[in-house]
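Please prepare a briefing on the structure shown here, with its pocket, its fold, its core and selected residues treated in turn.

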Amino acid sequence: GEYIWYMSWGIDDRAVANSFVEKGIGNSRTLNTNISGANEIKEAMIFVIQQACYRLKKKQSYAKTITVKLRYSDFIQITRAMTVQEPVSTPEEVYDVCCKIIDTKVKEHANIRMVGIRLSNLTKNKIHQFTFDDDPKKLKKLDILNDLKFALRQKYGYSVIEDPIEANKRKDQKKKFADIELLNNIDNSEI
């Protein structure tokens with residue numbers, strides 16, 4: 001009777017057996033307002049890419065298939081995928097693939113309400129096909145740098161260091177503001 005009483009109250013000290021194997025890592029974000037245009041979609045994708053890549057790095061894995069998921073304001077959802085020859089794991093690599101998907105496979109860029117990404121076809125090994133122009137030392141340094149960024153984020157939090165795609169976005173915004181300020185100064189000086 002005691003065993004049944006514990007079970008009826010959901011008290012069970014046995015270890016949970018889990019045979020589930022994760023086949024992919026995904027992340028999505030519902031936006032506060034609808035966005036339109038390929039550049040706005042790419043900008044909104046940055047956050048979900050960073051989060052998915054961080055989880056991918058935690059699993060010490062690489063992805064060969066990247067899927068972009070978009071939901072429109074009328075709740076129609078589309079997914080577009082691309083499989084790459086060399087597995088990717090960094091936000092910069094995944095962002096480049098996402099940009100290609102958005103530019104070539106997404107026809108409608110208006111009224112986007114949700115953006116998402118899925119990294120699948122996972123592998124534990126990074127395979128790189130060297131070309132004559134590749135510098136193996138540079139690639140090794142990039143791997144060391146990515147490992148260091150990951151270690152810093154694990155210890156101090158994700159926002160302790162910026163990804164290059166964030167830095168480039170901020171640099172572009174500063175340039176836009178500088179151009180606007182320059183135009184305003186020209187307009188004011190002519191008056």
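**Briefing: pocket, fold, core and selected residues**

The largest pocket is lined by 33 residues, and those that lie nearest its centre are S89, T90, E93, K126 and N146. A pocket is found on a 1 Å grid over the protein atoms alone: it is an open set of points with protein on both sides within 12 Å along at least five of seven lines, whereas a cavity is a set of points where a 1.4 Å probe fits but cannot get out, and lining residues have an atom within 4 Å of a point. The model is predicted, so local features need pLDDT of at least 70 and side-chain atom pairs count only at pLDDT 80 or more, while totals for chains, interfaces and linings use all residues. Residues are numbered from 1 along each chain as its sequence is written, and side-chain values use heavy atoms, with hydrogens and water left out.

**Largest pocket**

- The volume of the largest pocket is about 790 Å³, where grid points are joined across faces, edges and corners and a volume is the space filled by probe spheres set on the points.
- Two or more lining residues of the largest pocket come from each of α2 (38–58), β3 (77–88), α3 (91–105) and α4 (136–156).
- With ten residues, α4 gives the most to the lining of the largest pocket.
- The lining of the largest pocket comprises 16 nonpolar, five polar and twelve charged residues; Ala, Val, Leu, Ile, Met, Phe, Trp, Tyr, Cys and Pro count as nonpolar, Asp, Glu, Lys and Arg as charged, and the others, Gly among them, as polar.
- T90 lies in the loop between β3 and α3 and is buried, with a relative accessible area of 10%.
- Leaving aside neighbours within four places in sequence, T90 is in contact (heavy atoms within 4.5 Å) with C53 and N146.

**Fold and surface**

- The protein has five helices and four strands, assigned as DSSP runs numbered from the N terminus (helices H or I, at least four residues; strands E, at least two).
- Along the sequence these elements follow the pattern α-β-α-β-β-α-β-α-α.
- Of the contacts between residues at least 6 apart in sequence, 74% join residues at least 24 apart.
- Buried residues make up 29% of the 191 residues; buried means under 20% relative accessible area, exposed over 50%, and partly exposed in between (1.4 Å probe, protein chains only).
- The protein exposes about 13,400 Å², of which carbon and sulfur atoms supply 53%; accessible areas come from the Shrake-Rupley method with a 1.4 Å probe, and for residues only the protein chains shown count as cover.

**Nonpolar core**

- The largest nonpolar core has 34 residues, and M45, I66, V94, I117 and L119 have the most contacts inside it.
- Such a core is a set of buried Ala, Val, Leu, Ile, Met, Phe, Trp, Tyr and Cys residues joined through side-chain atoms within 4.5 Å.
- At least two residues of this core are supplied by each of β1 (24–35), α2, β2 (62–72), β3, α3 and β4 (112–123).
- The largest share of this core comes from α2, with ten residues.
- In soluble globular proteins, nonpolar side chains tend to be buried together.
- Not counting residues up to four places away in sequence, I117 touches residues including M45, V48, I49, I66, T67, V94 and C98.
- T67 lies in strand β2 and is buried, with a relative accessible area of 16%.
- Beyond four places in sequence, T67 touches T79, R80, A81, G116, I117 and R118.

- G24 is found in strand β1 and is buried, with a relative accessible area of 6%.
- G24 and A63 are 39 residues apart in sequence and 8.2 Å apart in space, C-alpha to C-alpha.
- Apart from neighbours within four places in sequence, G24 is in contact with R118, L119, S120 and L122.
- S73 lies in the loop between β2 and β3 and is partly exposed, with a relative accessible area of 34%.
- A C-alpha separation of 6.0 Å is found between S73 and I112, 39 residues apart along the chain.
- S73 touches N34, N111 and R113, not counting residues up to four places away in sequence.

**Positive phi outside glycine**

- F75, in the loop between β2 and β3, has a positive phi of about 70 degrees although it is not a glycine.
- F75 is exposed, with a relative accessible area of 65%.
- N121, in strand β4, has a positive phi near 55 degrees and is likewise a residue other than glycine.
- N121 is partly exposed, with a relative accessible area of 40%.
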